[in-house]
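Me: Please show me the structure. I would like to go through its charged contacts and a few local features.

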Amino acid sequence: MPFATTNPATGKTEKEFPTMTSTEVDGLLDQAVNAFDAYRRTTYEERSRHMITAAELLEGEVPDVARILTTEMGKTFAAAKAEVSKCAMALRWFADNAERLLADELIPTKATKSYVHYQPIGPVLAVMPWNFPMWQVIRFAAPALMVGNVGLLKHASNVPQTALAIEDLFRRAGLPAGVFTNLFVESKDVADLIHDPRIKAVTITGSERAGKSVAAAAGDALKKSVLELGGSDPFVVLPSADLDTAVRTAVAARVQNNGQSCIAAKRFIVHQAVADEFLTRFTEAMDALVVGDPFDTATDVGPIVTETQRDELVNQVEAARTQGADVHASSNVPSGDGWYFPPTVISNVTVDMPVAQEEIFGPVALVLAVPDLDTAIAAANATPFGLGSSVWTNDTAEIARCVEEIEAGAVFVNAMVASTPELPFGGVKTSGYGRELSELGLKEFTNQKTVWIG
């Protein structure tokens, strides 16, 4: 069956779920349309109560829900609990702020009164990935539902129990049937769903290839789409940086979520004045990390999500080695059950190597030494991606240049890239378009209606 929980720590399939029939999907689409007709007329206060209830439920069930996340995709139990708590926080933030941010926006004109009025647009399809299986759904669902839209979730096939848990969460929070619906449909059926007139818009978090497919279908159907795709985030370290903090953060930024995060730092671009010291200290810290059972509190890095994904890491590391790069730390894949891969550092990387142009989804760090700020910025931009970026310097002029010239949806200075409900999240170039979270994310799936009263 295409929908199955296969534990990355053991390689064993624990539970399977059947794909929905076309008749079942058709009925759920009708249900979503009918639910929208009523839900769009609810007040912000009513919607907020549902979101707050969902947050309270999550806060009371953190370990239980986190256990599902860890079992399905292998993140450490500590990371899973943090993800669940973050979801509750986001539900509360949108519950508290949506009405204010979506208030009519008065615009002075020659009219007696003119303003922008924000309205929901209908059922929105969300195509979501496995790496943050709850957070990436909630960061779509919380704003979409607060606007008055209804959501249909096509989740990754390897996190079915997470998908069902989210659907059940909103049901228990009091949302009527059809306001948030899980669809066990295959990826090949997504284009047909997008073309279905009952679907009004689509959002995807995923790979560049998946994003192109969704964008093509949405364009053909003339429907709004938001794409949050891959990243190869630069982590730029300049001579004035606090090297202790930079190294410590670099490790966390690379191995967060077992290295399987689109906003994980992947390319460490270091000024040659501090490059040797950074490489030595960074490699030692990466090599000291504990790889193992994600439920063990001593574990720093759990397994890779699938055997295929781990094999891809092996191939990327070996390709870099054959092209002249140096591989540091333990790069040998351990034997035994589960799909583990040790934290690995690759130095003597050049911007034209394939490994520097690809997204590496695992605990593998690339280190590039550069002679000056101009070269550092050029190296940061020498990739098709443009999601996040992290810059380490205490020079105000360098900060200003990096903020202005690095091609990315976010620049974090002396901090690790992260997402938070208050700020927009998204990328440029092949990292996608549109924004999630914040006021911008709330307004992505609205009819921004101009009102003119003479």
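Reply: A salt bridge here is a side-chain nitrogen of Lys or Arg within 4 Å of a carboxyl oxygen of Asp or Glu. This is a predicted model, in which local features need pLDDT of at least 70 and side-chain atom pairs count only at pLDDT 80 or more, while totals for chains, interfaces and linings use all residues. Residues are numbered from 1 along each chain as its sequence is written, and side-chain values use heavy atoms, with hydrogens and water left out.

Me: How many salt bridges does a search of the whole structure find?
Reply: The search applies the 4 Å limit between nitrogen and carboxyl oxygen. Over the whole structure, the number of salt bridges found is 23.

Me: Which residues are linked with Asp196 in a network of salt bridges?
Reply: Aspartate 196 and arginine 198 meet through their side chains in a salt bridge, at 2.9 Å from N to O. The network of salt bridges that holds this pair links Asp196 with Arg198, Asp26 and Asp30.

Me: Is aspartate 196 buried or exposed?
Reply: Buried means under 20% relative accessible area, exposed means over 50%, and partly exposed lies in between (1.4 Å probe, protein chains only). Because its relative accessibility is 13%, aspartate 196 counts as buried.

Me: In which helix do arginine 401 and glutamate 405 both lie?
Reply: Helices are DSSP runs of H or I with at least four residues, strands are runs of E with at least two, and both are numbered from the N terminus. The side chains of arginine 401 and glutamate 405 form a salt bridge of 2.9 Å, N to O. Four residues, about one turn of the helix, separate the two, and both lie in α14 (residues 396-405).

Me: How many residues apart in sequence are the parts that glutamate 407 and lysine 429 tie together?
Reply: A salt bridge joins the side chains of glutamate 407 and lysine 429 (2.9 Å, N to O). Glutamate 407 is in the loop between α14 and β16 and lysine 429 in the loop between β16 and β17, so the parts they tie together are apart in sequence by 22 residues.

Me: What is the phi of lysine 429?
Reply: Lysine 429 is partly exposed, at 37% relative accessibility. Lysine 429 is not a glycine, yet its phi is positive, at about 55°.

Me: Where is asparagine 414, which also has a positive phi?
Reply: Asparagine 414 is not a glycine, and its phi is about 55°. Its relative accessible area of 30% makes it partly exposed. Asparagine 414 is placed in the loop between β16 (412-413) and β17 (432-433).

Me: Why is α5 largely enclosed by the rest of the structure?
Reply: Helix α5 covers residues 135-147, and its end C-alpha atoms are 19 Å apart, in agreement with the 18 Å that 13 residues should span at 1.5 Å a residue. That expected span is 1.5 Å times one less than the number of residues. After α5 comes glycine 148, with a positive phi near 115°. The helix is largely enclosed because its buried residues number 13 of the 13.

Me: Where is glutamate 358 found?
Reply: Glutamate 358 counts as partly exposed, at 32% relative accessibility. Glutamate 358 is found between α12 (354-357) and β14 (364-370), in the loop.
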